[in-house]
Every structure is written in C-alpha cells, then in structure tokens.
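Okay, thanks for coming, everyone.

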Amino acid sequence: MKIITWIGIVIGIVLLTAGGVFMFGHFTIGYTPPPDKIVNSGKEHRESKQAYDVWGHAVSEEEAATLLETEKGREYLAEENGAVPIDEDLLSLGEESFYEKTFGNEVFLTDVMGILDGPLSLFDFMKAIAKLRGKPTDNLQVELPETVTIGNTKLEKGTMIDTGLDVPKGAAMPLGMPVTVDRGRMKAGISCALCHARVDMNSGGKVVEGATNTNLNTGTLLALASNSASYFTHADIENLEDYIKENNPSVQNSEGERELLPDREAFEKAVDETLLSWPPGFFDATIDMEANPTQVADSFTFGDHPYSWSGMGSIGTFRGLTTLNNNVQAQGADPLGQAQASRELFDMDPEVYFGTLLQNAANKEFRYDPESGQKPSEFFKTVDPFPESPGVNETVKLPTYPKVSRISPQGYVVSSRGSKVNEENNAMSAFQNTLVPPESGRHPDKNTVDQGRKVFEKAGCISCHSGRYKTNNRIIPADEIGTQPSRAKALEATEKLWEKPLIYSPDTSVPVPEDAAILKAPSNHIDKQQKDLGFAHGDSNGGYKVKGLAGVYWQAPYLHDGGVAVGPNKKEDIGIPGTFDQGIHPDPFNSMSALVDRKLRQKVIRSNQSSQKLTDLNIEGTGHEFWVDQPAGFSPEEQEALVEYVLSLTGKEEN
C-alpha cells in the first residue's frame, strides 16, 4: 500500500484493535514512501545499467548484449547457472521488500515474543501517531499506560517512551513496521527500513534511504515485550544453569531424559536488563549468548563488500550482500529457526531450546505447557505456520540443511511462497546498491575539502580506505586493528556445522520441487585467511572489515563497537554516558574528530569504561589507533579539514 491518508489508516487500525469488522482473513499494511518524500531516491541515482549479477560479477547491459550473441555467453547468463537478471521489476520488488516485507516475522515478534503484549499495545502506538496529526518525527514518543518494572528498572505510568521509531510526514505508521491482520489478531512485524532508513527533520520529514536509524530504541522495545526471554541468545547469558531451580518445569530431551527449563521470571528479568542497556541505534545481530550489540550499519552498499561487521557476507550474488540480507531476516527475526543447531551453538538440547522460547509465549496458542506430556518440538509442529521450514518465518531449507555454509550461516534462506528461491533477498540487494547518500548538512568550502583530501592521503588513511568508496574490501584481524574483539569471534561456533556452500538456482520456485537444480556458490576468489577471518574459523580470532566511508556522516557514533561518541559539546558530551545516556545524540563532526585525536579518544574511552553497563555490553571505543593530531605532526586546522572531507564523502566520483 503506497499512499493512504494517515487519518484513514489510524481510524481503521483503531477500529480493528477494538474488535472491528475484519475478524477473518490475512492481510498486511505497510508504508513505502513515494519518490517526492525521499531525499535520495535510488531511482534517480542509478548510475550504471547493470543487467545481470553472476555470483557477484556485475554484467552491464552492453556486456550482456555481446554475451547473448554466443551460446557460451547465453549459458553464462542463464538463471539455472546462477545468474540473476536485473531489471526494473526486480528493483521495484527490492524497494517494496525493503520497506514492507517481513517474511512472517510478525509471528515470532507478536505471538511468541509479545512485542504488543507488554505494557505498550498497538493502540498506544497508533494513539501517539494520531497525535502527530500528519507531522513527521524521528522519535515517536509513546505514553506508558501503566507502571511497570522491566528488569531492575521501574517505569511510572505516564512516562513518555522514546521509541526512536520514524514516522514520515503524512504517514500513518512508522517506517519499517508493517502491521498484519491475521484472523482478527493484530501483529507487528519489521522490515529492513526499520533500521536502514530514517526521517530527516531538516528536510521537512522526508526519508533518507539507506541511512542508519540512529534513534531507534530497539533494546527498549524488545525489553517491553512480555516474553523478551525468547531473545536470550542475543543477551548476556553465560550459563543457563544459573536460572535452573529444582522446582522448575521439565521437558523430555532428545535422548528421552528429563531436563529442567530456566525459571521464567528470573530469566526474563536477566534478558530485559541486557536489552534495556542497549544504546539507541544499536542491535545485537549475533547469537553467541554474549552481550555485544553494535550500531546498525547503513545500507549504502555498492562497492562496500564484503558485508557485515566481520565481512561474513563475501560470496554469492551481489558480492555477498544477499547473504547478509538473508542473515538479518532469517536469524535476527526468528530465533526458533536455530533449534536444529542449538546443541552446537548454545550447548542446549533442541527440546530445552524450544521449551525455553515457548514456555511464556504471548499468544496462548504458541505457549508450551510442560505439563502437557508433549515434547516441545512436537507441540511446535502443531502451531508452526510453515511446518516444512525452520522456525516460523517463510524460509527454504538449503540442500545442506541442517548444516550451514558461507552462503547461509543458518542453513536456509527466507523466500516467500510463489516467489523464487532468494528472489526477494536478491531484489533488496539490487535496490540497496542503487542508494547513494545525500550530501551532509555541513557544507564545507571546496578549499577545506581539498585540504582534507590531501591530509587523508598524507596520514595514510588511504592505505585501507582507498578507491572511490574508501575501502580496500579487506578484513583486518581483530588483533591487528585493536578494537573490542568480542564481535569478531561471534560466528566461530558455526565451524562445527560447516559444509560447502550449496544453493538452489535463482529460477527455482517456492515451494522447492524435488528436481530443483543445485549449484555450488564459487568462493575460490577469496583467499583462505580472509575466509577464516570473516567467521573466526581455524586459528583465527576473527576480524573486522574495512568499512567504506560513503555516507558516514549519517552514522555517528563510530568504530566497530559504536563506542566513539561525542556530542555537540566537546568538553562535556563524552562517550556513550555523555551522549545517549543523557538524551544527547552524538555529533558527526566531534565523534569523527575523536576517532583521529588521541586525547579526545582517551576521554571517550575513560567515559565508556566508567560504565558497568557498557563494560557488560563490550562497548569501549578502543583500537583503530591511526591518529591525525598534533603529536602525529598535524595541525588542528588539518585535522578539521580531514574530518570535513570524510564527512562529505558520498561515493560519487571526486573532482
């Protein structure tokens, strides 16, 4: 649904919430902004006419025309051999999927986690939007209707919760939060746009596509859910035994023996404590049972491969971007899909894992009763909307399932019925690769930018941040870069389930037919050290990819853990405690200055290390010690010019 009046939508949803007329059927309402409400529409910035992607190799229209003249060329561009045709239909599907596609994650978020069954209901969100009367916001404030205690924090009735949800001008719902009506029950899901697009108040409420939503209070929203314990693999749970009591309910495990489930209240409280401590704009994308959230990445993706903080998205279509897109949708939005690997990843029997996630499910239809006599996995089959798929999302098991691979660290890919395998992921990759960040709001003069470019080269920044997109497309060992190492090792357990990267051909329909073509994704173009670094396999401690700097203005705070934060006041707004914890947003210029100025960085590090919360979250702001300051031989004017230059980068050709 592209354009609809905010009044009509709000009234309609309120009526539905109150038990209105639509008690049967299934439909979803989402919001995709029209071109005139987008600051940097990808349709206007599509520089190259790419016609195909063949395992990460871009083929232009001119090249394709030549290849299609020969039998060998036609074979190379055939979908059954791995080629993905790129046309306007695919880009339109990518845009729609980016803003509105949930792949069914509303089932986990609403029915299992209870994102709308805590103290905030859908009605509370809609009431807050209605109060805007069509005005935009980059932080929807929702009034708490009752006094609650979340973790160790008491929140009084009437407290205005900073959700960080973005509502564009004239919109009736937040970006990236489609609402589904399923047989009269309202469910909220999430799409890519929730985290990877944002409202720019300086443009009158238009959307910046691809920019990080640095206000989004994901942790708080998850903590307010009634069963946020179902997200425990993203929290700081060192040992499940800490929550086991003699009188706890038990389940029959895979070997037929009885095992106790964790105490519901104590477990919920522990997970809530971790989630509440996440700074705005941060998300823990890893399922290593260690608290290590980092700031959400932008989606200015073209030329910025390999993808993710570790570079794990390195093979497959669109240079691994499709692998990353699938990772977010398949893993981050449905922990139930990891049950087949729970023993290897979490040292938990699958039955205990299912029972832990479902024992306090929000929807009673999904709530597992240990007294029922059923195994949790048997119960789950009776409520699973897609019994042939892992978890509750719309997914396709890959030929290697339950093993995982470099092309899918989960062993499956999200794909809707009636589509082709991985089609929506590929479409989102093609769409994201058209996104170009808008100019920053700073507008430095040309002489300053030119001076900054020279300093950038003289200081040696260009040795890693090279080329048009300011990245050498490499992964640097965590030990070498010196930043907080926790995230670099987050994927090491996948080595226990490792298999060669097999996937169905892009023309395979969903559901997958028995005779579907199976292809091996090429990976010989990547050397072994880089492969190991991306997943912390072998003797590697993992690493971090060299981030491209295009659009970095839109992503403060900085560094791999998001710990380099300085607000508008350089003397007082220092670190996460001096910015986010005080309701102050990090300033891009001052935060980038702290990245290259050792004195200012030390203040940031001391501030972060003074917070036990940040210590528990592995957020420090340490490492990446490449200084452009007076001890390194640079004047304050040169440092300022460098920062202005870096913040001006958009990925466009430089003069």
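**Starting at asparagine 327**

So, let's begin with a side-chain pair: asparagine 327 makes a polar contact with glutamine 410, side chain to side chain, at 2.4 Å. Where does asparagine 327 lie? It's in helix H10, which covers residues 321-332. And is asparagine 327 buried or exposed? Its relative accessibility is 7%, and buried means under 20%, so asparagine 327 counts as buried. Leaving out residues up to four places away in sequence, asparagine 327 touches Met312, Gly332, Pro409 and Gln410.

Before I go on, a word on confidence. This is a predicted model. The protein averages a pLDDT of 92, and 95% of the residues score at least 70. Please be careful with residues 17-23, though: pLDDT stays under 50 there, and the model has 10 contacts for that stretch beyond four places in sequence.

The largest nonpolar core has 133 residues, and the ones with the most contacts inside it are Phe125, Leu140, Phe232, Ile237 and Leu336. Helix H6, residues 122-132, gives the most to this core, with 6 residues. Let's zoom in on leucine 140. Again not counting residues up to four places away in sequence, leucine 140 touches a list of residues including Phe125, Ala128, Ile129 and Leu132, and also Ile161, Leu165 and Val167.

Now the strands. There's an open sheet of 3 strands in the order E1-E9-E10, with antiparallel pairing. Strands E1 (26-29) and E10 (185-188) stand at the edges with a single partner strand each, so each has one side left without a neighbour in the sheet. From one strand to the next, the twist averages 20°. E9, residues 179-182, is joined to E10 by 4 bridges; if you want one to look at, threonine 180 has lysine 187 in E10 as its bridge partner. Helix H5, residues 105-112, lies across E9 and E10, and runs at about 110° to E10.

Last stop, strand E2, residues 50-54. E2 is mostly covered, with 5 of its 5 residues buried. Which strands pair with E2? One is E3, residues 57-60, antiparallel with 4 bridges, where tyrosine 52 stands opposite valine 59. The hairpin of E2 and E3 has 2 residues between the strands, and tryptophan 55 takes a positive phi near 55°. Another is E4, residues 83-85, antiparallel over 3 bridges, and there valine 54 has alanine 83 as its bridge partner.

Okay, over to you for comments.

Key
Residues numbered from 1 in each chain as written. Predicted model: local features only at pLDDT ≥ 70, side-chain atom pairs only at ≥ 80, totals over all residues. Heavy atoms only, no water. Core = buried A, V, L, I, M, F, W, Y, C linked by side-chain atoms within 4.5 Å. Buried < 20%, exposed > 50% of the residue type's maximum accessible area, 1.4 Å probe, protein only. Contact = heavy atoms within 4.5 Å. Pairing = 2+ DSSP bridges. Axes fitted to C-alpha atoms, helices over the stretch in contact; angles between N-to-C directions. pLDDT = per-residue confidence, 0-100. Polar contact = N/O pair within 3.5 Å; in protein donor to acceptor, adjacent residues only side chain to side chain.
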